[in-house]
Amino acid sequence: MGPIHGRDGPSNPLKNAMNHLRLETLPWLLPAPGDFSKRCKDALLVPAVEQAERFRELAGYALDLDALTRLARSLRKARASRNAETDSVIRLGLLGNATTGLLVDAIESTAWRYGLDLEVVAADFGQVEQAVMDPDAPLIQAPPEVVLLALDHRGLGFPMDFKDQDSSMHGEDVCGRALARINEIRRRLHEAGSSTVIVQNVPFPAETLFGALDLRIGTTLRSRIDRFNRMLLEALDDGADLLLDVAGLASSLGLDRWHDPVLWNQGKIPFCLEFVPLYADHLLRLLAALKGKSRKCLVLDLDHTLWGGVIGEDGMDGIVLGEGTPLGEAYLAVQRMALNLSRRGVVLAVCSKNTLEVAKQPFQSHPEMLLTLEDVAIFMANWQEKADNLQAMATQLNLGLDAFVFLDDNPVERAGMRNRLPMVAVPELPADPSHYPRIVLGAGYFEAVHFTRDDRQRTAQYRANTERAQQQSRFQNLDAFLVSLEMKLAWGHFDPIHRGRITQLVNKTNQFNLTTKRYTESQIEAMASDKNRFCLQARLTDRHGDNGIITVVVVEKRKKCWVVDSWLMSCRVMNRRVEDAVFHILVEQARRLGAELIEGRFVPTGRNQPVENHYQRLGFKPVSREGETSVWHFSVHTHKETILPMSITGPG
């Protein structure tokens, strides 16, 4: 095997091994500036309306535990100066069998990296049962929205002493009792009012008793942990709560590094302090996904990002890509990562300073290319500034700029994007493209809490949207264009098959969302069986393809009045009069079931301005205002039929 060549020539494999990428340093983020502490203090001096932007900027650096603690102090001072809690503050309960105080600062500071204002309410050391069984306990009296249950093997009652014989076959009772305890804690927290419990699984110990035989001996600690983790995963399949995969995190970092026996013996600290920032980031990316803040689109540069060399100068024969060379295989791995992300629902786009026809050549005819033009929703290759192109992509895809991740090997382009569009995620990249997949996937930009059939079709759906936009330009008016799409809207009641997609829409949709209420999958299931609710899901198809489930409505039926609890729609189908069709369905169903009035509420969030006049446009009359929330009424007998540019079908 010949020498390994990077962009700067041959490299030494031994030297590369010594410069191994360390995920615990958050290498996808820029290092904290030298005056970080001063910036934290200065953030307290700006007007309150500007503080959120400052805090998010500060949290966006690669912060160690000391820096996270410094930022947390400023955050608490800022919150105290407001003298009141706001609706935007999320309360997170923290239950564990170890010392969790060191985690609180890291969690609250990291939350701002994801645009979340979060306050941690931690139970006392080891007081897990007391915190959920005492009716006067803080977590029961004022239940936080989300609770993290952080128990390791020492807090689950696993015997530390090995015995060849157990009281039951392979120690099932030990694992069963541990799982029953977890489920009882979950039940009590839900009954108190917490909507989601995040349960972390258990890392293996670093040591083995039998070596490779440990997992085959049912009463070893490693065997019990393995069995418990699998049982926990099955228990969480009910969709009510989420798993924090600490076992996977610890394994990726190294169990011998994760477990620090000195720290445990001295202070009951659950894992190495060096890993606290990454642990906090893993927790917050999961919470951000629950809140609909995961990124949705990966924007790819071409030269030195998807292949080695410059296609416009080196030509098809000169670029480096494919099996047989270390560098060519590295770029294949980057493409494979992008392709796999696309298959799980992440939209792919290309943004390159290139001539369009030349840039497309490898996609069309290079034998080693994994990505094809069909895998890319939008392909932009020109000589404009990349920030301008990305803004155009956001408009075409109807996505917010905070939905994008920009992957580019050029540090100048990365800096330019951060400067122009700070809401776009721009991972730092090392010189060797072999590390690119680990950086992108390790950063957790595309964290998911559900995986649905619609996710598998996401790129095709956005490509079809681009085709629709091109088709629209050929029509002189919108109505004629909409008729040409041959749209079909099929609606139905919530069903188990689409429950995951419904939950995903409820928690990810921000622009067309009248109240922006968030619900878990178990809450969606309960609504579906509630006779006092009308729950609608609708799918839209047209001549370009299937858009999937694109709108959700939840209505509370109160005698003669239907109160709209939630009304939301995917941004992909905005401006296609789907909301008019859904309103027609609502009125018809309300009238059929004896209701006379429909009540709607608009709760402004800063991101749902596109629908602030939604009820007014549909003919609702303003009734009252509760703070910033406006209340609207519509009498169903006043509804007038209108011609819609689509056919509508429903159940039965």
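## Helix α24 and its cover

In helix α24 (residues 521–528), Glu 521, Ile 524 and Met 527 are buried, where buried means under 20% relative accessible area with a 1.4 Å probe and protein chains only, exposed is over 50%, and partly exposed lies in between. These three sit on the same side of α24, because they cover an arc of only 115° around the axis; the arc is that of the directions from the helix axis to the C-beta atoms. An α-helix has 3.6 residues a turn, so residues three or four places apart point the same way. Among the elements covering the buried residues of α24 are α23 (499–508), β14 (533–542) and β15 (545–558). Contact here means heavy atoms within 4.5 Å, and helices (H or I, at least four residues) and strands (E, at least two) are DSSP runs, numbered from the N terminus.

This is a predicted model, in which local features need pLDDT of at least 70 and side-chain atom pairs count only at pLDDT 80 or more, while totals for chains, interfaces and linings use all residues. Residues are numbered from 1 along each chain as its sequence is written, and side-chain values use heavy atoms, with hydrogens and water left out.

## The open sheet

Now for a sheet: 4 strands line up as β10-β9-β8-β11, open and with parallel pairing (a pair needs at least two DSSP bridges). β10 (378–382) and β11 (404–407) are the edge strands, each with a single partner, so one side of each has no neighbour in the sheet. On average, neighbouring strands are turned by 20° against each other, direction ignored.

Strands β8 (residues 297–300) and β9 (residues 347–353) run parallel and are joined by 4 bridges; Leu 298 has Leu 348 as its bridge partner in β9. Helix α15 (residues 326–343) packs on the sheet, touching β8, β9 and β11, and its direction makes about 150° with that of β8. Axes are lines fitted to C-alpha atoms, for helices over the stretch in contact, and angles run from 0 to 180 degrees between N-to-C directions.

The largest nonpolar core has 124 residues, and Leu 95, Phe 228, Tyr 279, Leu 298 and Phe 363 touch the most other members. Such a core is a set of buried Ala, Val, Leu, Ile, Met, Phe, Trp, Tyr and Cys residues joined through side-chain atoms within 4.5 Å. Helix α13 (residues 276–290) gives the largest share, 10 residues. Apart from this core lies another of 65 residues, including Ala 387, Leu 399, Leu 540 and Val 582.

## The whole chain

The chain comes to 26 helices and 20 strands, and 54% of its 652 residues count as buried.
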